Number of protein chains: 2
Amino acid sequence: MDLIERKYRILQAIIDDYILTALPVGSRTISKKYEQNLSSATIRNEMSDLEELGYLDSPHTSAGRVPSNKAYRLYVDRMIHPAPLTPEELSYIQSCFDTRAQQVGTLSAKLAKVISGMTNYTTAVMTRTPRAEQKIGHIQLVPVSDRRILAVLVTQSGAVKQQMLELDQSIAPDALYAVSRILSERLNGCPLSQLKKALLDIAENEGKGIRGMLREIAGIPDEAADDGTLVVGGRSNLLGFPEYSDVGKAQELLKVLETRDKMISLLSRQGEMEITVRIGPETGIEELRDCSVVTASYRLMDGRVNTVGLIGPTRMQYGRAVSVLEEVGKALGRAINRQEIGDDDGTPRTGR
Amino acid sequence: MDLIERKYRILQAIIDDYILTALPVGSRTISKKYEQNLSSATIRNEMSDLEELGYLDSPHTSAGRVPSNKAYRLYVDRMIHPAPLTPEELSYIQSCFDTRAQQVGTLSAKLAKVISGMTNYTTAVMTRTPRAEQKIGHIQLVPVSDRRILAVLVTQSGAVKQQMLELDQSIAPDALYAVSRILSERLNGCPLSQLKKALLDIAENEGKGIRGMLREIAGIPDEAADDGTLVVGGRSNLLGFPEYSDVGKAQELLKVLETRDKMISLLSRQGEMEITVRIGPETGIEELRDCSVVTASYRLMDGRVNTVGLIGPTRMQYGRAVSVLEEVGKALGRAINRQEIGDDDGTPRTGR
DNA sequence: GTTAGCACTCGAAACAAAAGAGTGCTAACA
DNA sequence: TGTTAGCACTCTTTTGTTTCGAGTGCTAAC
C-alpha cells in the first residue's frame, strides 16, 4: 500500500532529521526538506497517525515530534542507510591495525581510541578468552626472588596468564626448570577447566619436594580466571551531545561507565560474530534508558574475544556506527590473515 | 606582629569557607562564622588589603571574595590543617591492600578506585619501572605456536615484560629451553639499558641457528620499553563540582584525562617519596589552569613505581587529599613489609 | 485525499522590576 | 589609631510579564 510506504518515508525523514539536529521535528521542516510535494498539513496528519501508532512522541503541543524507541527499533531494523566510509577513513582504519608485532595488551586501548575517534561516541572494549576453549600449552615457572616465582601459563591459543606465587620454602632455579618441563609435558592440551584437578593429581603422585608448590599452583586458575579486561575510551565525546548538557545526566552516565559490573554485563550479552544494536531499555541498564549501544565481537588470533560497545544517545548515527564496527572487524580479520594464524576472518555480520 | 597574624587567620577562614561552599565569601560570613569578635566592617578592611596583596580576587563588586592561586599556595605551604582519617577509614584502606597474593596488574586500578572513592576527586595512576634500575634476572622463551614465541623477561626486581615474537623459521621447544638457559646465565645482572648490545654480542659469537632469533630478541627492549601504564578513576566525581556545571569545562577536562601524553607528563614530574601539590598553572597543563593536582609516588616490592595524582578543582580539600595519599602510602608500605621484600617502607613524606 | 486557513498552545526569549548580597567610604567612637 | 555603624552604590539573581514564534489540530474548501 502506497500510503503505508509514505508514512514510513515520513517517519524516516523525521528520524534522520532528529538524529542530525537533536531538535523536535515539525511538519513544515519535513514538507520543506524531505517531502516537497506534500504540504505541511498533510505531513501533520501523517505525524498525528504516527504518534498514535507509537512511533513519535511530542514533548509538548507546540514542539514538533521526537522519535520513540519503537521508531528507532524500526529504523535500525528496516530503514537504516549504510554509511560507507571514505577511502581515507578505510585506509586509516587499516593502518591502525597494521603493526606487525602487536604489543601485548594494547589492542583494546587502540580499538577504543580508533572507534570512538571515528564515531564521536564512547567506546567500551572487553577482552576475554572463553574459558571452555582454553587449553594448556605450556607452564613456565620463573624464579623472581628467593621465595617468589612467577607462574606463566600459556594456552594453546597463545593467551598468557601470569600469577605471582609465594612459596613456603625456597627452591633452586634448576629445580624450577625441571618442574616446568614436567608440567608442560603432562598438562599439554589439558582444558583450563580441569587444570586444577590435573595438578592435584600430579601433586599426589609426584615426589615430596614439589608437592606443596604444586598445590599452590593448583590455586591459580581460579584467581587468574580471565574475567575480562575492560577499557573505555572517548568519554569526553558524550559531553558534546546536547542531551548531556545537563551535568546530572552526564554524571549518571559516566558513573555507569565506571561500574565494571554493569559494563561487563552490557558487553557480555553480545554473541559472537554479529553486530547488535540495543536501544534504550533494551540495554538492560536503567541508567542507559536514553542511550543506545551498538556492539560487535572480534575473535583474535590468540583465542581472545574482544567485544566492542559503542555508547551514545538513542539519537545515534546507527548507519555510521555499524559501518565503522564492520570495517574495524574487516581490518582485524585481514591483520589476522596476514599473520596466517587466524581461525576465521573476524568479520562480524550485520543483524539485529 | 599581631595584625599580620589576624590577616592570615582571616585569609585562612576565607579559603576554608570557599573550599567548603564554592561560593564567594563575604565579610559578614567571616565575621559571623569565624571571627565573631570582629565586625564585618573590619573584616572588609582586611579583605581589601588581602586583595591588594594578591591573595583574593573579587568576581565583581558585590560578590564577596575568592581565593587566588597565590592564596592556595600559601594555604598549602603554611596553613593546611591535617585531616586525620577516622579509624574506619584507616582500616578500610588497610583492608584494600591486604590481599596476600596481589593479582598482577590490578594494583593501579585498585589504587585509583580507593583514592578517588575516599576523596571524591579524580585519580590517575601511572605505573612504571625506572629503566636505569632494571637489571635482567631471567629471560624465558616460551613456545606459543609454530613460529611464535613469547619472550618473558623478568628483571631482578621482579618486574615482568613480555613480548610476542615471530620467527623466520620454526624452532623446537627443547632448543628454546636451551637458549633460555644460556641467555639467563649470560645476561643475569645486565642492565636493561645494555641488553640490546649484550644480545647482539651473543648473537655474534653464538651458533648460526639462533643468531636470527637473538637479533629479533634484541629488538625487544625498545618496543617493550616501559613507558608506563596509566589508569584513571573517578571521573564522574568531577561532574559533581559546581565549577564543572559548565559542560564545556567538564569536557575540556575529560579530554585532558584522555590524553595519555599530558597525563604522563603531569605525573612524571613527581619525584619519589614526597607528596607534591601543584596549583592551577603550576601543573604545567593549560587545561588544568583551574585545577589542582596532588601527587605521590609509591615504590613497590617489584621495583615498579606507582605515581598517583589526585585531580580536582583548585578549591580542593588539600588536607584530606594529603592525608589519604599518606595513609595509602603507609598501607602499601605495611603490605610490602609483611611480604618481607620491601626495600623501603613506601611511605611518602609530606612537603611542597 | 489534500490543502489552506486559523485559532490555540506552549516554550523560549526579551525585558523590567525587585530583591539581596556585598562593597567602599565616611564619620563617629573607644 | 584601630574599630565600627551607617549608608549609598553596584551588580547579580530572581521573579514576573510580555512578546514572539514554532508548531499543532481542526475545519472547510478544493
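A polar contact is a pair of N or O atoms within 3.5 Å. In this predicted model, a polar side-chain atom of B:Arg6 lies 2.7 Å from a phosphate oxygen of DNA strand D, which means that the pair falls within that cut-off. The points below cover the surfaces near DNA strands C and D, two residues with positive phi, a helix pair in chain B, and two further residues of chain B.

**Surface near DNA strand C**

- DNA strand C is surrounded by 20 residues, and the closest are A:Arg6, A:Thr42, A:Thr61, A:Ser62 and B:Ser27.
- Of the atoms of DNA strand C that come within 4 Å of the protein, 75% are accounted for by sugar and phosphate.
- By class, the residues of this surface near DNA strand C are 4 nonpolar, 12 polar and 4 charged.
- Helix α3 (40-52) of chain A and helix α3 (40-52) of chain B each supply at least two residues of the surface near DNA strand C.
- The most is given by α3(A), with 4 residues of the surface near DNA strand C.

**Polar contacts to DNA strand C**

- At A:Ser39, a polar backbone atom is 3.1 Å from a phosphate oxygen of DNA strand C.
- At B:Arg65, an N or O atom in the side chain is 3.1 Å from a phosphate oxygen of DNA strand C.
- At B:Thr61, a backbone N or O atom lies 3.2 Å from a sugar or linking oxygen of DNA strand C.

**Surface near DNA strand D**

- DNA strand D has 19 residues around it, and the closest are A:Ser27, B:Arg6, B:Thr42, B:Thr61 and B:Ser62.
- Sugar or phosphate holds 76% of the atoms of DNA strand D within 4 Å of the protein, and the rest belong to bases.
- The surface near DNA strand D is made up of 3 nonpolar, 12 polar and 4 charged residues.
- Helix α3 of chain A and helix α3 of chain B each supply at least two residues of the surface near DNA strand D.
- Here α3(B) gives the most, with 4 residues of the surface near DNA strand D.

- B:Arg44 has an N or O atom in its side chain 3.3 Å from a base oxygen of DNA strand D.

**Positive phi in chain A**

- A:Ala22 has a phi near 65°, a positive value in a residue other than glycine.
- A:Ala22 sits in the loop between α1 (2-21) and α2 (27-33) of chain A.
- With a relative accessible area of 15%, A:Ala22 is buried, because buried means under 20%.
- A:Asn120 is not a glycine, yet its phi is positive, at about 70°.
- A:Asn120 belongs to the loop between α6 (107-119) and β3 (122-128) of chain A.
- The relative accessible area of A:Asn120 is 45%, so A:Asn120 is partly exposed.

**Helix pair α5 and α6 in chain B**

- The axes of helix α5 (residues 87-96) and helix α6 (residues 107-119) of chain B come within 11 Å and cross at roughly 170°.
- Because angles over 145 degrees count as roughly antiparallel, α5(B) is roughly antiparallel to α6(B).
- In the contact, B:Glu89, B:Tyr92, B:Ile93 and B:Cys96 of α5(B) meet B:Lys110, B:Val114 and B:Met118 of α6(B).
- This contact of α5(B) with α6(B) comprises 5 nonpolar, no polar and 2 charged residues.

- B:Asp17 is part of helix α1 (residues 2-21) of chain B.
- The relative accessibility of B:Asp17 is 4%, so B:Asp17 counts as buried.
- Leaving aside residues up to four places away in sequence, B:Asp17 touches B:Ala22, B:Val25, B:Thr29, B:Lys33 and B:Tyr34.
- B:Pro59 lies in the loop between β1 (56-57) and β2 (66-67) of chain B.
- Not counting residues up to four places away in sequence, B:Pro59 touches B:Pro24, B:Gly64 and B:Val66.
- B:Pro59 and B:Met47 are 12 residues apart along the chain, and their C-alpha atoms are separated by 14 Å.

Conventions
Residues numbered from 1 in each chain as written. Chains lettered and ligands numbered in written order. Predicted model: local features only at pLDDT ≥ 70, side-chain atom pairs only at ≥ 80, totals over all residues. Heavy atoms only, no water. Near = heavy atom within 4 Å. Polar contact = N/O pair within 3.5 Å; in protein donor to acceptor, adjacent residues only side chain to side chain. Nonpolar A, V, L, I, M, F, W, Y, C, P; charged D, E, K, R; others polar. Buried < 20%, exposed > 50% of the residue type's maximum accessible area, 1.4 Å probe, protein only. Axes fitted to C-alpha atoms, helices over the stretch in contact; angles between N-to-C directions. Parallel < 35°, antiparallel > 145°, perpendicular 65-115°, else oblique. Contact = heavy atoms within 4.5 Å.
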